[in-house]
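Dear colleague,

Please find below the structure that I am handing over to you. My notes on it follow directly after it.

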Amino acid sequence: MRPDLEIIQQWIEPNSKVLDLGCGDGSLLHYLQTTKNVHGIGLEIDEKNIQNCLRQGTNVIEQNLDEGLSNFQSASFDTVLLAQTLQALSKPDNLIDEMLRIGKNGIVTFPNFGNWKSRLYLASRGRMPVSKFMPHSWYNTPNIHFCTVRDFDALCRERNIKVLARTVVDLEHQGSWYMRAWPNLLGEIAIYHISKQ
Amino acid sequence: MPESIPIDSVGLVSPQVYKFDEPLTLRSGKVLPNYQLVVETYGELNASKTNAILICHALSGDHHAAGYHDEEDSKPGWWDSCIGPGKAIDTNLFHVVSLNNLGGCAGSTGPASINPETGQYYGPDFPVVTVRDWVNSQLRLMDKMDIPEWAAVVGGSLGGMQVLRWAISYPERVRHAVCIAAAPKLSAQNIAFNEVARHSITSDRNFHNGRYLEKGTYPKQGLMLARMVGHITYLSDSAMRAKFGKSVSDFEQNSSENFGRDLRTGTLSFGFNVDFQVESYLHYQGERFSENFDANTYLLMTKALDYFDPTVDFEGDLSKAFANSDCKFLLMSFSTDWRFPPERSREIVNALLKAGREVSYLEIQADQGHDAFLLAIPRYIEALSAYLKKVHEQSDQNAA
């Protein structure tokens, strides 16, 4: 399992209802179904991923997140997940509001653009950072709304969103005392557990 | 039949007849005192009886869904693309049950059957049957076949509507509902096309108010016209362009530019004859259909479509209809289907989500229009196959 998913799963209650936005190949939902008896539904647009979900028996709906989530009822899920998808959305702030309308709590993970490597890349080369983790050039990247840990904190304050837990990890998803001390500088992936105030 | 039976065919099959003597009260309030259903099955029922799949047919379908009836058959059953050993509905894994619905004209009791009360053809006296009536009759068939639960009920178009009715009326007898290219109810446009079809039949001078069989005739022209109109709604514009745009004329350099306007003979007649391939095709389809299908059955089937509305008992709220449907759902739609377009399937998906049901949904990119559900479209077949493999694994677990 992807290591950020390893961390996420700890925040999900057994027997709860989970909506996974951009569920990929469905591996997290499948894991939650089999280990925690979670009732899950994933949304996905990639055909291969959808096929993988069906193959392992995960409920999946072909739906584009950019077209909104108005077809989901308020408070109809316990947890709504958004893993590594925030930066690819056309209106990420609206989607986070929608997550907290539909779920009692939400979990968001995203690549932290405030990491020192991105800062150094931009500062030293004067070009948009390209790395193993963010391999796209500026013109063909699906990632159109990068943000930093500090940016996300600010959004949560503006929208009255309560941060239940926040952790940052490196690409191997290891945390450390120094990442906890300087999350925006040292964290490579940010993981937030949020709810309404 | 092809020269040799393909390895992934169910091979030669023969239908069986099930007779029912207990009267069936229909949605209209009328009672069918007795009736018979003609059925084909493919694949073996396992010892624990957990691997049965019901196939529900659409407007002009019947029980002959797969394989060949005899050596002379030029074509296999109507859903042979999906049913067979190793196919999406895998007869190595499942016991597949396919029937001709009540009111049909392929062997089950319908307008062309003899009314036991009069000794004459039912004809126009055959009561209007609804999707609900069909499902009730399918439930009786299931009991007679001693099948406690369907691993899945599967159908496309009008067949998909029967799937929804199963999930609403008898969820305890269905583990998975697979509803393809369907709609929660017909739109005014859908009903309008059906009415054109019906009117063309009933206004044929050989219709004789539905009593044409006694007169040794049938409303051939009306039935042809009905089928021609229907056929147009099954195909998409792009499908027609591809189908009838194969030849290159002098002024049109390639098929995509000739808009499917292939000529039949190469020249225009400057008369009112058949000039274009598409005309010839529609005539052929209409003609073939009119020779094999009963006009009264066509009227009944289109009425069953028009009347389908599972929300009538639930204050118009489809999600309430699914309140107890605790089976799992798979829905699929096709991008160029303008008869039951993807939005119609989404209405069903959204109602299921609102009802808190477990549902998967795929929107398949396909040029073939509504007809796509009958065709071997790779993504569609792979998805159905993957889903049903999982259904089979679960039926194994249930058996263990």
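In chain B, E11(B) and strand E12 (residues 359-364) pair in the parallel sense over 6 bridges. Within this pairing, Phe329(B) has Val359(B) of E12(B) as its bridge partner. Between the two strands the chain passes through helix H9 (residues 342-354) of chain B, and this β-α-β crossover from E11(B) to E12(B) is right-handed. Please bear in mind throughout that this is a predicted model.

E11(B) also pairs with strand E10 (residues 176-180) of chain B, in the parallel sense and over 5 bridges. There, Ala177(B) is the residue that stands opposite Phe329(B).

Chain B is divided into domain 1, made up of 16-185 + 311-399, and domain 2, which covers 187-307. The centres of these two domains of chain B, taken over C-alpha atoms, are separated by 26 Å. To their contact, domain 1 of chain B contributes 26 residues and domain 2 of chain B contributes 23 residues. On the side of domain 1 of chain B that touches domain 2 of chain B, 12 residues are nonpolar, 11 are polar and 3 are charged.

Two loop residues of chain B deserve a note on their backbone. Most residues other than glycine have a negative phi. Asn209(B), although not a glycine, has a positive phi of about 50°. Asn209(B) lies in the loop between helix H3 (188-202) and H4 of chain B, and it counts as exposed because it has 8 C-beta neighbours inside 10 Å. Phe270(B) is not a glycine either and has a positive phi of about 50°. Phe270(B) is placed in the loop between H5 and H6 of chain B; with 7 C-beta neighbours inside 10 Å, it counts as exposed.

**The contact between chains A and B**

The contact between the chains takes 17 residues from chain B and 15 residues from chain A. On the side of chain B that touches chain A, H9, E12 and helix H10 (378-399) of chain B each supply at least two residues. H10(B) gives the most to this side, with 6 residues. The residues of this side of chain B divide into 8 nonpolar, 3 polar and 6 charged.

One residue of chain A that touches chain B is Val60(A), whose contacts include Ser360(B). Val60(A) lies in strand E3 (residues 60-62) of chain A. Is Val60(A) buried or exposed? Val60(A) has 29 C-beta neighbours inside 10 Å and therefore counts as buried. Within chain A, Val60(A) touches residues including Cys23(A), Gly42(A), Ile50(A) and Leu54(A). The C-alpha atoms of Val60(A) and Leu19(A) are separated by 9.8 Å, and these residues are 41 residues apart along the chain.

**Further elements of chain A**

In helix H2 (residues 27-36) of chain A, the residues Leu28(A), Leu29(A), His30(A) and Leu32(A) are buried. Just after H2(A) comes Asn37(A), which takes a positive phi of about 55°.

Strand E5 (residues 103-111) of chain A has 8 of its 9 residues buried, so it is largely enclosed by the rest of the structure. E5(A) pairs with strand E4 (residues 77-83) of chain A in the parallel sense over 6 bridges, with Leu82(A) standing opposite Val108(A). Together with helix H4 (residues 92-102) of chain A, E4(A) and E5(A) make a right-handed β-α-β unit. E5(A) also pairs with strand E7 (residues 189-196) of chain A, here in the antiparallel sense and over 7 bridges. In that pairing, Thr109(A) has Ile191(A) as its bridge partner.

With kind regards

Conventions. Residues numbered from 1 in each chain as written. Chains lettered and ligands numbered in written order. Predicted model: local features only at pLDDT ≥ 70, side-chain atom pairs only at ≥ 80, totals over all residues. Domains from an automatic or database assignment. Contact = placed C-beta atoms within 7 Å. Nonpolar A, V, L, I, M, F, W, Y, C, P; charged D, E, K, R; others polar. Pairing = 2+ DSSP bridges. Helix = DSSP H or I, 4+ residues; strand = E, 2+ residues; numbered from the N terminus. Right-handed = clockwise from strand over helix to strand, strands pointing away. Buried ≥ 20, exposed ≤ 12 C-beta atoms within 10 Å, placed from the backbone. Lists of a residue's contacts leave out its neighbours within four places in sequence.
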